[in-house]
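Look at the sequence and the structure first, then read the points by topic.

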Amino acid sequence: MSLDFDSARMPNPNLREEHHEWRTQLRRFIDSEIIPYAEDWDEAGHIPIELWPKAAAVGLLGLGYPEQYGGISEGIDSWHSWIANEELARIGVGGIPASLMVHGIGLPPVLNWGSDELKERIAPPVLAGEKHIALGITEPGGGSDVAQLATTAVRDGDHYVVNGSKTFITGGMRANWVSTAVRTGGEGAGGVSMLLIPTDAEGFSRTQLDRKQGWWASDTATLYFDDVRVPVENLIGEENQGFLVIMTNFNGERMAMAAAMEALGRVCLEEAVEWARERKTFGKRLADHQVIRHKIAQMKQRLNATQAYIRVCFETIEAGNPNPGDIALLKVQASETMEFCAREAMQILGGIGYMRGSRVERIYREVRVNAIGGGSEEIMRDLATRQYGV
Amino acid sequence: MKVLVAVKRVVDYNVKVRAKADGSDVDLNNVKMAINPFCEIAVEEAVRLKEAGTATEVIAVSIGDKACQEQIRTALALGADRGIQVETESNVEPLVVAKLLKGVVDKEQPQLVILGKQSIDGDNNQTGQMLGALANMPQGTFASEVVVDGDKLNVTREVDGGLQTVSLNLPAVVTTDLRLNEPRYASLPNIMKAKKKQLDVYSPADLGVEVTSHLTQVSVEPPAERQAGIKVEDVDQLVDKLKNEAKVIS
């Protein structure tokens, strides 16, 4: 037995036959439609638009969303999502799932809090891969401190007039709509609303952030709102209740990121072990040197712990009682594990790992975006201790 | 037209198989199993016939223990309408499989039976031909193209000399070669729908077949490890080695 991506995954008694089948079929899709092109897309800095309808057809975009809007929810649970996030991470090009699946953070505000009219208008084309939606929270003036955001939306008759800007917005260049956090009231969290802003509105403009450490394939953008008039029907949830909308969005995003980060760490393990079994130094295989064997064991140990932690959190979600503090710390556990595995795998691979084109080289560059995006490690720890009532 | 497709559960083609330590068989412990790739091509062809309006119903049949229901479900997710499992122990030899399939053919009366030309475990390449003989149906093996033409079937076969096209009277048996089609992947909605499709289980006795054995597996061993090659200094040395070591030229 070796330590490849599959054999390094501990058994999960929650998985049934259809979960394994989903993994098999999704992997076939990814192996034929994405992996042969992944590196080129990353180098080119974008993904062809045709990938979205294909991902919709295989069931990836609609996974877990209501059937009435073109999603697939009947019989679908957290384990299907975990598998999807693992398999997308296995590509080893983080910008692809980040951009392809960005509706995973952009659409839930609409579906969870939007009016029926808004849901019916927005969700079907997004889940069919025909239109794109992003989430706009972070601003040039501040990110993690959501309660201090400065983009304003002032009511004027049947419209809000939006001024300000958003940055580091994944999927921002391609988005047809952005679920945007705006200030409609006074200072602090109580003055924040969520507004769905169409990107074809007058006064909207954007620039691509194409010089990034990682996630090259992702169309990350800065968005500018200059007297953008948005119909009041596009308000998501109640006015000044936006903070709640934002906060309820985070658990799902963090679980998806944690699942992906563990799988990315596992890719590093797989690549490192394969190399260590082949490469000979000082008359024996790298894998026969104790110092290398210990690295492999430490990687696997941390991956095991992260897998078990992910499973427990998904079990609490399935049981309907997730603990946001535990999920916040899971995200930290996962990014630290990914960081450790990327580092150790790179040490084992040596020079070949430093060359562009290997999965480990890319994953190494994409540690930080995972450790910062979706809630930085520092914010996660702070949130957890507050959740625990310390 | 009713189409019957046979699917076999085999070790996934990505898996590097190992022999058991005692050499009695291939080690299947914790090994990923899948539909035999040639059988998957057979399912795809049947589903395409259905999508083209030629086939009215596609039935996927597998022979083996309960685990092979997974492969039937995969075929259902790929587009087959219902499934049949003939429950036996695993490792039934080709003649018995052909007899059991003949039993299913008698029950279902399909116009067309599509099988993989061989399975990637036993590599016997026998079942389709045996079924054709037992059921007294014409056969088009190693198909790279299948065209329905009224009550006839034109099958292009990949033979050593090139391509041969045969015209068969329906009902007929077809076995698939690699280039017949590229199988699709099943979507998540279809995987979920497949769970609800009908799957009947028969025993060999239900089909009037007695499971017998004419073959005994003596031993299984891995292929000899390839020795590393060498670099020759010049052409003279190459010729010398080909002459005196490899003895392939004189």
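Helices (H or I, at least four residues) and strands (E, at least two) are DSSP runs, numbered from the N terminus. By that count chain B has 6 helices and 11 strands. The model is predicted, so local features need pLDDT of at least 70 and side-chain atom pairs count only at pLDDT 80 or more, while totals for chains, interfaces and linings use all residues. Residues are numbered from 1 along each chain as its sequence is written, chains are lettered from A and ligands numbered from 1 in the order in which they are written, and side-chain values use heavy atoms, with hydrogens and water left out.

**Chain B as a whole**

- The C-alpha trace of chain B spans about 65 × 45 × 40 Å along its principal axes.
- Chain B has an accessible surface of about 13,600 Å², and 48% of this belongs to carbon and sulfur atoms. Accessible areas come from the Shrake-Rupley method with a 1.4 Å probe; for residues, only the protein chains shown count as cover.
- Of the 250 residues of chain B, 44% count as buried. Buried means under 20% relative accessible area, exposed over 50%, and partly exposed in between (1.4 Å probe, protein chains only).
- Among contacts in chain B between residues at least 6 apart in sequence, 70% join residues at least 24 apart. A contact means heavy atoms within 4.5 Å.

**The sheet of chain B**

- Strands of a sheet pair through backbone hydrogen bonds, either parallel or antiparallel. Two strands pair if DSSP finds at least two bridges between them.
- In chain B, 9 strands form an open sheet with mixed pairing, in the order S9-S8-S7-S10-S6-S1-S4-S5-S11.
- Strand S9 (162-169) and strand S11 (199-202) of chain B are at the edges; each has a single partner strand, so one side of each lacks a neighbour in the sheet.
- On average, neighbouring strands of this sheet are turned by 30 degrees against each other, direction ignored.
- Strands S7 (residues 139-149) and S8 (residues 152-159) of chain B are antiparallel and share 6 bridges. Here B:Glu145 stands opposite B:Thr156 in S8(B).
- S4(B) and S5(B) run parallel and are joined by 6 bridges. B:Gly64 has B:Glu87 in S5(B) as its bridge partner.
- S5(B) is mostly covered, with 5 of its 6 residues buried.

**Helices across the sheet**

- Helix H2 (residues 69-78) of chain B lies across strand S4 (57-64), strand S5 (82-87) and S11, at about 165 degrees to S5(B). Axes are lines fitted to C-alpha atoms, for helices over the stretch in contact, and angles run from 0 to 180 degrees between N-to-C directions.
- Helix H4 (residues 127-134) of chain B lies across strand S6 (112-116), S7 and strand S10 (172-176), at about 65 degrees to S7(B).

**Two residues, one in each chain**

- B:Val248 is in the segment after helix H6 (235-244) of chain B. B:Val248 counts as exposed because its relative accessibility is 58%.
- A:Glu270 is in helix H8 (residues 242-278) of chain A. A:Glu270 counts as buried because its relative accessibility is 16%.
- Apart from neighbours within four places in sequence, A:Glu270 is in contact with A:Leu3, A:Asp4, A:Phe5 and A:Arg359.
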